[in-house]
Amino acid sequence: MSPQIQWITLLWMLFSGAALGVAYDSYRVLSGQLHFPKWTLHVLDVLYWSAAALFVFRMLYISNYGQLRFYVFVGLFIGVWLYFLILSVTTQRFVVMLIRTVRYVIDVIKRLFRALVWAPIRAILKLLKWIAVMLGSLLMFLLHVILRCLTPFWKLLQWMLRPITSRLKMPEWFRKFLTAAAELWKRWFSKE
């Protein structure tokens, strides 16, 4: 392997070590801020280290076709060490700021949704309910007025048909039905 490829591999490994440090700090801050359940932390750790191993071996394959040498580990170690020495605090602060920004944006979106979508829908539903109640009340009032107006005609019709109906034998079930209907009528439309 030529020295040029070795230097390129070393630089890629320095970059990979720094990238692993960024990913680790981001993961650590996210898990602390978002309060994952404790059992998921082990799963997330396994996922992080699996992704890190795949990333490093992919970078190694790109730089020198996957040849594993001592300077590869030295490059990874120096990359991680330099990252934690220089950029770790900045990355952590950036991730915390990013989490706060995302939470703020989500809160603003929730407020806008409540103000622009949910509140008008609730107002429309209340208005429709009020209209339905008013129309129902108006319909019941009109029905009551119409029935009050028709009562004299009904009594007149009964009086005129009494000679015919007195000779007809009414079935018992029909008599019970009429009695129940009259009771229901009194309960609904009586002034008491």
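**Group meeting: a helical core and a pocket**

Okay, let's start at Ser16, which touches Phe55, Val56, Met59 and Leu76, leaving out residues up to four places away in sequence; contact here means heavy atoms within 4.5 Å. This is a predicted model, where local features need pLDDT of at least 70 and side-chain atom pairs count only at pLDDT 80 or more, while totals for chains, interfaces and linings use all residues. Residues are numbered from 1 along each chain as its sequence is written, and side-chain values use heavy atoms, with hydrogens and water left out.

So, is Ser16 buried or exposed? Ser16 is buried, at a relative accessible area of 0%. For the cut-offs, buried is under 20%, exposed is over 50%, and partly exposed is in between, using a 1.4 Å probe and protein chains only. Ser16 sits in helix H1; helices are DSSP runs of H or I with at least four residues, strands are E runs of at least two, and both are numbered from the N terminus.

Now the core. Met13, Leu20, Tyr48, Ala52, Val56, Met59, Leu60, Tyr71, Val72 and Leu76 form the largest nonpolar core, ten residues in all. A nonpolar core is a set of buried Ala, Val, Leu, Ile, Met, Phe, Trp, Tyr and Cys residues joined through side-chain atoms within 4.5 Å. H1 (3-34), H2 (38-64) and H3 (70-86) each put in at least two residues of this core, and H2 gives the largest share, five residues. Val72 touches Thr9, Met13, Leu60 and Gln67, again not counting residues up to four places away in sequence.

For contrast, take Tyr61, in H2. Tyr61 is partly exposed, with a relative accessible area of 48%. Its C-alpha atom is 9.4 Å from that of Thr9, 52 residues apart along the chain.

Of its 13 lining residues, the closest to the centre are Trp154, Lys155, Gln158, Leu178 and Ala182. On a 1 Å grid over the protein atoms alone, a pocket is an open set of points where a 1.4 Å probe fits, with protein on both sides within 12 Å along at least five of seven lines, and lining residues have an atom within 4 Å of a point. H4 (88-167) and H5 (172-189) each supply at least two lining residues, with H4 giving the largest share, seven.
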